[in-house]
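Dear colleague,

I am handing over the structure that follows, together with some notes on what was found in it. Please read the notes with the structure open beside you.

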Amino acid sequence: MAEINCPLCGKANPDDFEVCQYCQARLKPLLAPDSAEENSLPQDETGVEEPTSPAAAEIPEWLQELRQDEDSLELEPERSSDELAADISEATGDAGSIPTGTPDWIYEVEQETQRDFDHIEPPPPSPAEPGPEPAALPDWLESIRLGLHGTPGLASSQATEPVESTGPLAGLRGVLAADALISRSRGPATRPAKLRVSANQLVHIDLLRELVESEGKSQPLPQKPSISSEHILRWGIALAVCLAVVWSIIFPGQPAALPAFQEETAELNRLIEQLPDGGQVLVAFDYEPGEFAELDAAASAVIDHLMIQGAYLTLVSTTPLGPVLAERFIEELQPVHHYTAGVQYVNLGYIPGGTASLVMLTGNMPRALPYTIEGLAAWGSESQPVLPPLQGIQNVGDYDLVMVLVDDPDVARAWVEQVEPFISSSSPQGSLGMVISAQLEPIIRPYYDANPRQVHGFVAGLRGGASYARLNGREELVRSYWDSFGVGLFMAVLLMLVAGLMYSTYPLLTRPSKSDSEVKG
Amino acid sequence: MNFPELMGLAFVGLFLGLMLGSAFYYRNRPAPFVRQIPAFGRVRRAIGLAVEAGSRLHLSLGRGNLISTRSAVAFVGLSILDRIARSAAASDRPPVATSGESTLAILSQDTLHDASKFMGADYDPLRGQLTGLTPFSYAAGAASLIHDEATGASLLLGSFGSEVALITEAGDRTESLTLAGTDNLTGQAVLYATAQEPLIGEETYAGGAYMGAGGMHQASLIAQDIFRWVIILALLVGAVLKLVGVL
Amino acid sequence: MKFPFSVAVAIGIGLITLAGYFLNIPVLQTLRMALIEWATTLAAVALLVGIANLFTIHWNKLTSGKVGGLYSAILIVSLVLTLGVVGWFGPTHTYSKWIFNNVQLPVEGSLLALLAVILVVAGVRLLRLRSSMLSIIFIITAMVILLATGPLFGISVPGLTELRSWIAQVPAMAGARGLLLGIGLGIVAAGLRVLIGSDRPYRG
């Protein structure tokens, strides 16, 4: 079977194929049937058109070469074969013979001059301005004119020469047409319309045409599947984690042991144990409502311990919703401890300005936070004494312990860097303790490990809260979520391991191997 | 004045001197070589694509209080917002900024207004939005904006905590580029796993220099680099002295 | 060079505050405290402006019929109701607490739960999106920390707790310190740019 090479990839294809079996490039040019039939000209291998008109066969070799050169270079308005034949026959002398005795070059110049003059037509005389009257020639000039006309060798040629119609030489024949000769336009020569285009180029033209035409057409966007693999992944993971946690709550198994305490937890426990009777503690509820689950669980054992010690609590916050969280927290512990607002504890509310205002606590606290959250004058008035938790307090350095419940690293650092130096310098007994979100442990630990300590003890996350509860013997507070917390974490690890491995290796497994693609290619 | 305060003042003075010196030195010289951070190259490309495609650019400034240390990263975000607003002023859908803090929202509106005025473009005050006042409400509001506006790219440059994952998730679902940097360590850990282009550590603060926000940004980058090497050297010397028992 | 009055004010106040932090001069200390008090008052006012901005945005969304208009309506109604209840009864009243405990906390808690799922999904996808040695270390570290944090069904894996402590106290802390140092330098640079008027977020 005959083969045809692909113009794009060069590989051999059976000649009856329309497109390349390797690269899908078109092997045969797309041609409209009508125009193809009308304009189809037999071509040789190089694409040069073969002459079809009878007159073309008579074209001399030199002219054919000239034509070919022109064809290969430039375009030319299409001319009929008859016109071509007429030109050729004129050039070959069919239209007339060269007069004997006249050199070829003179004859050609004459012929060309004649053709040029043939194009020049005298402008029609304007009716308003009649043309100039022929001048009366002097005798000597008239004799010359007659003599010229009477010259035998020139007579035949002069007869064909045009007569000058304008200017001082009007009426003379054979005047050299200087303008016509000099300024003869060599402008665009007539060129053949047909490009010499190879099959390869035609294929590319077709491709380009298809591309240009497709640009204007609106392509329908591929519709996204309503449920993609990403959706399945997300829903699957959410479902698995939720089910695991709910299952552990509904069907609790053997309760797991609470974690052993760590040094920093024990240190905080010691600080609270050492509080004097009626010790005053500033508690900052500096976490956002979204983090309440972790922080409440971590702090419940610590605040419970403070209440057991009978400490007076002053509640503040650098977040706008902190005071409400503080109220809620105390309410949760109310059934056990019966703390009363304004007696055992006072909520001074939001510190305007956030962490930047912490420095105000080191100055004049009554001025910075004059009212309780209920709108009472916290520091006393003419009709009301200072509330018990605030007696003797002027700034943050007067507290026996400052306890910060925090989930934000910047807020935690602000307390350590802005408030702790003042606490330490004010009283040797003053301490800063923290209950932090587990994510803050790497940030807070350096302050605990520092010498001297900038954080004197802390509880980190649910694990820290659980270990504190175990230390304090109040396990029931954290027991309700410790086991389900563990199940949720385990499920998360399992999913990351199994689903992560599947998800990351699946594309590698489904990707066609190199050898396969080579065979197909 | 005690020793730590003196050291602090000296540090600030030196830093300022280095910044001004660098700015003066490179005033008439080509900008110094800075290492490539591919993320910023992609951002520039995303801005161009967004202008061409008529999609919205979204810049989230976080929830850093302006009178706290978190304001610094917010200032960087505002500088980049200014650059982006000017670059994309010709777009049919000019950039939109979200924030989780009131003062930041006001400043973002001011920045957008200024950029629009400079470029002779219309200004819509709703382009600077406060989407929420708590971390999660802010993130949820920004995420819904990404979805509703079908943003082409989201730049998260500010103070974010773990809630930033909600925003990057929204960008992921809309298949838009998400570049993110924060000063919050937890936020950085989350961004490493969720953002397409996370910026680590001080890379966020270099944003102005990479986005052509001015010569002083480059000068401060040089000062940062010099001081970083000084700190590394001090740490190494301290460790060696500790090992040999001097400290 | 254009040097507006606001720039001069900003630079002056910044310098006074900075100097008041380092120099123990009574006048500077007093000035610094006064300026901080002003700033906190302005921040509180800005909070109200922010709420007004939030209201305006959602009002415009609602009236212009944009996508999500229903949610904007819910937000506006909730905002007005909460403001009314808390403003009238006070923040510690039962009604106010009811709104907080039964609307705000569950919504925020749900978003945190959603965040937990998103982070697990991110962990699953990390190796495919960014397959590098760092990503593998990241995932393995996360798994170790998670396993060692919870009770693990009462099973005690030898060395796991110690490994968690080591990770938290050595590489994690070292990395955190390095990052914090870099961030600190960035904060100083950004602050100084504002202080010398190079960065002017306040325009003027």
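**Strands and sheet of chain B**

In strand β2(B), V96(B) is the bridge partner of H58(B). Please keep in mind throughout that this is a predicted model. Strands β1(B) and β2(B) run parallel and are joined by 3 bridges, and β2(B), which covers residues 96–99, is likewise joined by 3 bridges to β3(B), again running parallel.

**Domains of chain B**

The domain assignment divides chain B into domain 1 (34–213) and domain 2 (215–247), and the C-alpha centres of these two domains of chain B lie 31 Å apart. Their contact takes 6 residues from domain 1 of chain B and 4 residues from domain 2 of chain B. On the side of domain 1 of chain B that touches domain 2 of chain B, the residues divide into 4 nonpolar, 1 polar and 1 charged.

**Where chain C meets chain A**

The contact between these chains takes 44 residues from chain C and 48 residues from chain A. On the side of chain C that touches chain A, at least two residues are supplied by each of α2 (26–63), α4 (94–129), α5 (133–149), α6 (160–169) and α7 (171–195) of chain C, and the largest share, 17 residues, comes from α4(C). Sorted by class, this side of chain C has 26 nonpolar, 13 polar and 5 charged residues.

**A residue of chain A, and confidence**

In chain A, A244(A) is found in helix α9, which spans residues 229–250. Is A244(A) buried or partly exposed? With 19 other C-beta atoms within 10 Å, A244(A) is partly exposed, since a residue counts as buried at 20 or more. Leaving aside residues up to four places away in sequence, A244(A) touches V487(A), G488(A) and M491(A). Of these, M491(A) is 247 residues apart from A244(A) in sequence, yet the two are 7.0 Å apart in space, C-alpha to C-alpha.

As to confidence, the mean pLDDT of chain A is 75, and 65% of its residues reach 70 or more. The pLDDT is below 50 over residues 73–81 of chain A, a stretch that has 17 contacts in the model beyond near neighbours in sequence. Over residues 150–155 of chain A the pLDDT is also below 50, and that stretch has 1 contact in the model beyond near neighbours in sequence.

With best regards

Conventions: Residues numbered from 1 in each chain as written. Chains lettered and ligands numbered in written order. Predicted model: local features only at pLDDT ≥ 70, side-chain atom pairs only at ≥ 80, totals over all residues. Helix = DSSP H or I, 4+ residues; strand = E, 2+ residues; numbered from the N terminus. Buried ≥ 20, exposed ≤ 12 C-beta atoms within 10 Å, placed from the backbone. Contact = placed C-beta atoms within 7 Å. Pairing = 2+ DSSP bridges. Nonpolar A, V, L, I, M, F, W, Y, C, P; charged D, E, K, R; others polar. pLDDT = per-residue confidence, 0-100. Domains from an automatic or database assignment.
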